[in-house]
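The following exercises concern the chain shown below. Each task is followed by a worked solution.

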Amino acid sequence: MGIYLNPGKDGFRTAVRSEIYVDKTGLIGCTNRYLNTEQKYICVSRPRRFGKSMALKMLAAYYCRAYDSRELFEGLKITESPGFSENLNRYDVIFLNMQQFLIEAETGEVVNYLQQGVLEELQEEYGELLNRQSSGIADALRKIYAKSGKQFIFLIDEWDCVMRERQESEALQKGYLDFLRNLLKDQPYVALAYMTGILPVKKYGQHSALNMFWEYSMTDQSFFEEYTGFTDTEVQGLCERFSMDYVEAGSWYDGYQLTEYKHVYNPKSVVEAMLRRRFSNYWTSTETYDALKVYMDMDFDGLRADIVQMLGGGRVRVNTRSFQNDMCTFRTKDDVLTLLIHLGYLGYDSEEKEAFIPNREIIEEFENAMSVGGWAEVMNVLKASERLLEDTLNCDAERVAEGLDRAHTEVASILTYNDESSLAAAVSLAYYSARKDYRMIREFPTGRGFADVVFLPLPSRGKPAMVIELKYDKSARAAIGQIKDRQYTQALEGYSGEVLLVGVNYEKDSANKRHSCVIERVRLTGHQ
């Protein structure tokens, strides 16, 4: 048992023994299926804190032949898989944490430092097959395979840290990519190569030759969706176990929408919330808002308007295909937005090709980033949102209209009203503070159309629900009439209590270009 060759199983043992362990061993069934196939090169990219390293420790414990780990998997999902025993502890495993090598090696010597450490352990284990000095890891592994037929499984964590943290060193990046390509591509000793990182693996100029890898990223996780984060069912079970509110957990940490799994939660934040018995923003424990601010402030036409649109609960269309998969080559705003998807600051709907801010935790990160300068107009709107909500709850329609006028004046230089959609974004932004007590839904389906904005109170908040309908050059009274005529409140399934009907109209063609507002109270009696 070594550091890099056949490492110990203690990492996975620690996870299984923790107070919270969510069983993701089904992932092993996927990797077993790809052993020694054309699909054996796998690169899974996800944001920080999404369980990438945990998955690698699990795979190491399962495949490594240096010990018997059967007892660690007793009662877990993978034991029900037909291939469980066939591949259990049958392979030599080489585990490379590239972040560790990058930190410990001298500048420019990452590959040499890595090769030296792994070669020493290969010599200890297979010295009789390596009767002369090998020129590198690949050379040594070819000899071992030729003389013994033994294959290896490669687990590489933080594969992209060289690209992310040494952006200025093209020589280092080139040497590193050449090393990986020579080590893995078309080598008979490779039974499986599973790499994790934040960025996908292509488009590094002429050195995009890691093209043997099948990529599973935040824009397309494919078969690995279930193992990307916590699922709705898993979070519901944790909330029941720890007596935490399931709806509020979703408000804070849900929102990473995939193709099959429409509700994927940030796993690290969920675990923190359950163990601490408190919902809060745990993202800042590993990220700083300065990193987000750099990308928000990039000077691409339309980027600021898109961010404001998303802050207001809206979605923006994104072309993710032009992204060069690095953190410094940006040609359009779509490249910036795509990077934010990979970093976890944005969710992504692959069917509609739309990006959005996924949850309250991430909304707070955007607010933190804006608070340090450059976004004064938006911050003024956010600060005024408490008063706007209070005026709405008091049914003071005149003050609400005045508040919306001020909000529009602040963001007019960024977000231009040209239809009801942009009006909805501005109004939703103006009600920013309501998200502490409400779940906001844009274009709420009612069966007879879509209500523009609905605020559903979180449990135990004691607030009324709000249905907001918006009109553009019509009348606020017409908006209220539409809510009633189409019976939008009937769609609030399971809700009983007070509901505020809020009709808002923006008069673009009037001399003053003002908002008008009508607010009515109704009560639902639980007949839904």
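**Exercise 1.** Determine how many helices and strands the chain holds.

*Solution.* The chain has 20 helices and 15 strands, where helices (H or I, at least four residues) and strands (E, at least two) are DSSP runs, numbered from the N terminus. The model is predicted: local features need pLDDT of at least 70 and side-chain atom pairs count only at pLDDT 80 or more, whereas totals for chains, interfaces and linings use all residues. Residues are numbered from 1 along each chain as its sequence is written, and side-chain values use heavy atoms, leaving out hydrogens and water.

**Exercise 2.** State the extent of the C-alpha trace and the share of buried residues.

*Solution.* Along its principal axes, the trace spans about 90 × 50 × 35 Å. Of the 528 residues, 58% are buried (under 20% relative accessible area; exposed is over 50%, partly exposed in between; 1.4 Å probe, protein chains only).

**Exercise 3.** Identify which residues touch the most other members of the largest nonpolar core, and examine Tyr431.

*Solution.* A nonpolar core is a set of buried Ala, Val, Leu, Ile, Met, Phe, Trp, Tyr and Cys residues joined through side-chain atoms within 4.5 Å. The largest has 78 residues, and Leu346, Phe366, Val378, Tyr431 and Phe455 touch the most other members. Not counting residues up to four places away in sequence, Tyr431 touches Ser385, Leu388, Leu389, Thr392, Val400, Phe455 and Ile468 (contact: heavy atoms within 4.5 Å). A second, separate core of 46 residues includes Tyr41, Cys43, Val162 and Leu172.

**Exercise 4.** Decide whether Gly374 is buried or exposed, and locate this residue.

*Solution.* Gly374 lies in the loop between helix 16 (360-370) and helix 17 (376-393). Its relative accessible area is 52%, so Gly374 is exposed.
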